[in-house]
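Q: I have a structure open and would like to go through it piece by piece. Can we start with the aromatic residues and then move on to helices and strands?

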Amino acid sequence: MISAEQLTLLKDPFPFFSDPHANLTLEMMAVGQLHSFTPGQIIFTEGDECTALALVVEGEIRVYKQGESGREITLYRLESGESCILTASCILNEESFPALAVVEKPSTALIIPANYIRAWMSRYPAWQDFVFRLISRRLGNIISVVEEVTFRRMDQRLAEYLGQNFTQKGSALSMTHQDIADELGTAREVISRLLKEFEQSRIVELQRGLIRLIDRKRLTRLASE
């Protein structure tokens with residue numbers, strides 16, 4: 001059960017909590033529970049039954065697929081105000097979870113039992129709108145991932161990925177080649193080879209545990225070729 005004090009944490013990320021007297025809000029407060037998760041904690045593995053839906057209040061959760069070889073590819077990340085469309089889809093269709101979900105940053109989420117997720121779809125337009133907008137937005141992300149993997153060269157994808165991270169985190173990135181490979185759905189050896197080529201072209205400089213940006217213009221040009 002959610003207390004009135006805890007409700008204040010939910011209003012910013014989830015607008016339907018702004019009216020504390022609305023029936024949907026009252027039901028969520030009655031059946032929902034706030035849970036904290038630590039980095040590295042596995043929330044779902046492939047084949048799990050989806051017994052609840054997590055609404056992320058704060059933090060970051062990665063949803064990804066893993067092949068038989070152990071290679072991974074990120075489908076999307078969940079941040080404040082978001083929830084997992086794969087979980088919602090599994091609950092509505094009574095299917096098992098088709099991917100994996102792991103906590104990357106300390107996270108807090110509101111956990112709603114699955115039976116309420118189904119019932120609220122027909123009873124509350126605000127909830128229905130939230131779920132449909134979530135599905136629409138995330139399907140676009142997944143389609144982008146499929147297009148990237150299918151139609152773009154790996155050096156272009158790597159250049160774009162690095163460019164985005166340099167923009168967000170500065171000119172020196174602390175990440176392993178395996179981390180990047182997992183994001184892009186390829187082998188570590190492929191990333192190491194391409195990064196070496198980038199270094200030889202004086203686009204980046206490789207140091208132990210660091211990738212340092214040297215020429216942003218050339219990196220941007222390579223990503224957009």
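A: Tyr116 and Trp120 both lie in helix α4 (residues 114-123), 4 residues apart, which is about one turn of the helix. Helices here are DSSP runs of H or I with at least four residues, strands are E runs of at least two, and both are numbered from the N terminus.

Q: Before we go on, what kind of model is this?
A: It is a predicted model, where local features need pLDDT of at least 70 and side-chain atom pairs count only at pLDDT 80 or more, while totals for chains, interfaces and linings use all residues. Residues are numbered from 1 along each chain as its sequence is written, and side-chain values use heavy atoms, with hydrogens and water left out.

Q: OK. How many aromatic pairs are there?
A: The structure holds 10 aromatic pairs. The rings of Tyr116 and Trp120 have centres 5.8 Å apart and planes at 45°, so this pair is tilted. Rings of Phe, Tyr and Trp (its six-membered ring) pair if their centres lie within 6.5 Å; planes under 30 degrees apart are stacked, over 60 edge-to-face, and the rest tilted.

Q: How do α2 and α4 cross?
A: The axes of helix α2 (residues 23-31) and α4 come within 12 Å and cross at roughly 175°. Axes are lines fitted to C-alpha atoms, for helices over the stretch in contact, and angles run from 0 to 180 degrees between N-to-C directions. The two helices are therefore roughly antiparallel. The classes are: under 35 degrees roughly parallel, over 145 roughly antiparallel, 65 to 115 roughly perpendicular, and the rest oblique.

Q: Which residues make that contact?
A: Leu24, Glu27, Met28 and Val31 of α2 meet Tyr116, Trp120 and Arg123 of α4, where contact means heavy atoms within 4.5 Å. By class, 5 are nonpolar, none polar and 2 charged. Ala, Val, Leu, Ile, Met, Phe, Trp, Tyr, Cys and Pro count as nonpolar, Asp, Glu, Lys and Arg as charged, and the others, Gly among them, as polar.

Q: And what about α6 and α9, what is their angle?
A: Helix α6 (residues 154-169) and helix α9 (residues 216-224) pack at about 135°, with axes 7 Å apart. That makes α6 oblique to α9. Among the residues in contact are Phe166 of α6 and Leu222 of α9. The contact divides into 6 nonpolar, 3 polar and 3 charged residues.

Q: Strands next. What does β3 pair with?
A: Strand β3 (residues 52-66) runs antiparallel to strand β6 (residues 100-113), joined by 11 bridges. Strands pair if DSSP finds at least two bridges between them. In β6, Pro113 is the bridge partner of Ala52. β3 also has 2 bridges to strand β5 (residues 82-83), again antiparallel, and Leu55 stands opposite Ser83 there. With strand β4 (residues 72-78) there are 6 bridges, also antiparallel.

Q: Which residue has a positive phi in the β3 and β4 hairpin?
A: Gly70, with a phi near 95°; the hairpin has 5 residues between the strands.

Q: What is the strand order in the open sheet of 3 strands?
A: The order is β7-β9-β8, with antiparallel pairing. β7 (172-173) and β8 (204-207) are the edge strands, each pairing on one side only. β8 pairs with strand β9 (residues 210-213) over 4 bridges, and Leu206 has Ile211 of β9 as its bridge partner. Helix α8 (residues 188-200) packs on this sheet, touching β8 and β9, and its direction makes about 120° with that of β8.
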